[in-house]
Amino acid sequence: MQSAIKQLTKIYLNVFVFVYALYAYFNKGVAYAFLAEIVLVFGFLLIFFNLKHYVFIWNKPVKLVTFFISVTGIWFLFGLGKFPLVELLQDAFMFFYAFFIFIVFLFAGEFEQFKQKIFTLYKWYPLVVFCTFLLVSYIPFFQSFKLFGDIPLLMYKYGDMAIHLLITTLLLLCGHIKMSKRFLALNVIIIAYLFLVIAAYNRAGMVSYVAGLFLFLFVYRKKFSAAAISSYLKIVPFVLLVVMAFYVNTKVDENFQGRTIGIEQLKQNVTSIFSADIDGSLSDNKVWRLAWWYKILVDATTPKNAFIGKGVGENLALINDIKVENEGLRAPHNFHLNILARFGFVFLFIWIWWIVMHMKNIRASNGDEFNVMVLVMMMAFLVNASFDVYLEGPMGAFPFWTWLGILYINDSEAIPI
């Protein structure tokens, strides 16, 4: 029996990585296949049947994650019969996805193998996403081709792309992805090009990538020798020349927000972060977010909402009288304010404490490089989630909680239960 479960766990590990790759490579196009949720359910069944040999890591961050899940579960039970089940689940999964941490613990016995499989999918990430970007940009068929729901398969959220691109960059810098020099050079060029594409389409993605990369380089600045820095600087002009030549000649139609690829769009995106004098969708989006966030903060000052929030099930856009183009949009493009609205200030303060608990470890000069790398990824996830509906859905939550599970296994002493 035990050997059968062990073999099933190995098969499940491969399925887990395959589904992770689908979300990384295709993003929103597979969101409505509900593959992450199916993987989560089967993972818990495996945990149940493998309890005797399950490795459980019970550190302080995991205890707080358990608290987040438990409070969400209580609100979910209170909402049964009061709100539609689909809407309850949609809201509650903002923390139910955190169960992926415990599923990653299933792979503690094959931890190195699991990590290498994740690293391998990022080895090919830039090339795959670059090809899909060209397909959806220049071939009309792929602009409307759908496999799941009403979302085109190759429709990618560029903020999400920035996070995966940062993960790829950090894995390359830390030497976790091995490849030939030619393939490495190709990847560097593609990464630089995709970053410019992201910067043109999505401000949050641009900020997330830049903040994460600079933070990592700042923490490990002393590890880069003068010779290494000099060698990097020699190839920078060549990379910029190739990338910019290709970038300025990329001609694509404006997207639904009226943005396109080009130097002028890059300039507007950067200046719009610090200025309110930019007209059009850039300014409109900023004002729209700020108006919703203000209403949430005002609403949270009432005693009941301040202490326990509104729970899950209520449509925040509807109760805050916010006009949205998509009726399915229920979250305010800020995960932290979503927490405040649904669970109150006490829960929000514990969430912030949980974040600080992780972030302060980045400052440890003698910290494990792998742990620091994952913590920088975590910070980038949270930055992007501060300006988008990101951790509320599987495209962001699946990789976010997976990497935290990897962090806890790497950082903690495993205790069998």
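The structure is a predicted model, in which local features need pLDDT of at least 70 and side-chain atom pairs pLDDT 80 or more, while totals for chains, interfaces and linings use all residues. Residues are numbered from 1 along each chain as its sequence is written, and side-chain values use heavy atoms, without hydrogens and water.

Ile38 is located in helix α2 (residues 35-49). Together with Tyr32, Phe34, Val41, Phe42, Leu45, Phe48, Phe49 and Leu51, Ile38 makes a nonpolar surface patch of about 950 Å².

## Helix α18

Helix α18 comprises 17 residues (residues 369-385), which at 1.5 Å a residue should span 24 Å; the end C-alpha atoms are 24 Å apart, in agreement. The expected span is 1.5 Å times one less than the number of residues. Because 16 of its 17 residues are buried, α18 is largely enclosed by the rest of the structure.

At the start of α18, the backbone nitrogen of Phe370 has a side-chain oxygen of Asp368 within 2.9 Å.

## The chain as a whole

The chain contains 19 helices and four strands. Helices (H or I, at least four residues) and strands (E, at least two) are DSSP runs, numbered from the N terminus. Of the 417 residues of the chain, 53% are buried.

The accessible surface of the chain is about 20100 Å², and carbon and sulfur atoms account for 68% of it; such areas come from the Shrake-Rupley method with a 1.4 Å probe.

How values were computed. Buried means under 20% relative accessible area, exposed over 50%, partly exposed in between (1.4 Å probe, protein chains only). A polar contact is a pair of N or O atoms within 3.5 Å; within protein, one must be able to donate a hydrogen and the other to accept it, and residues adjacent in sequence count only if both atoms are side-chain atoms. Patches are made of residues with over 30% relative accessible area and no salt bridge: like charges are joined within 9 Å, nonpolar side chains (Val, Leu, Ile, Met, Phe, Trp, Tyr) within 5 Å. A salt bridge is a side-chain nitrogen of Lys or Arg within 4 Å of a carboxyl oxygen of Asp or Glu.
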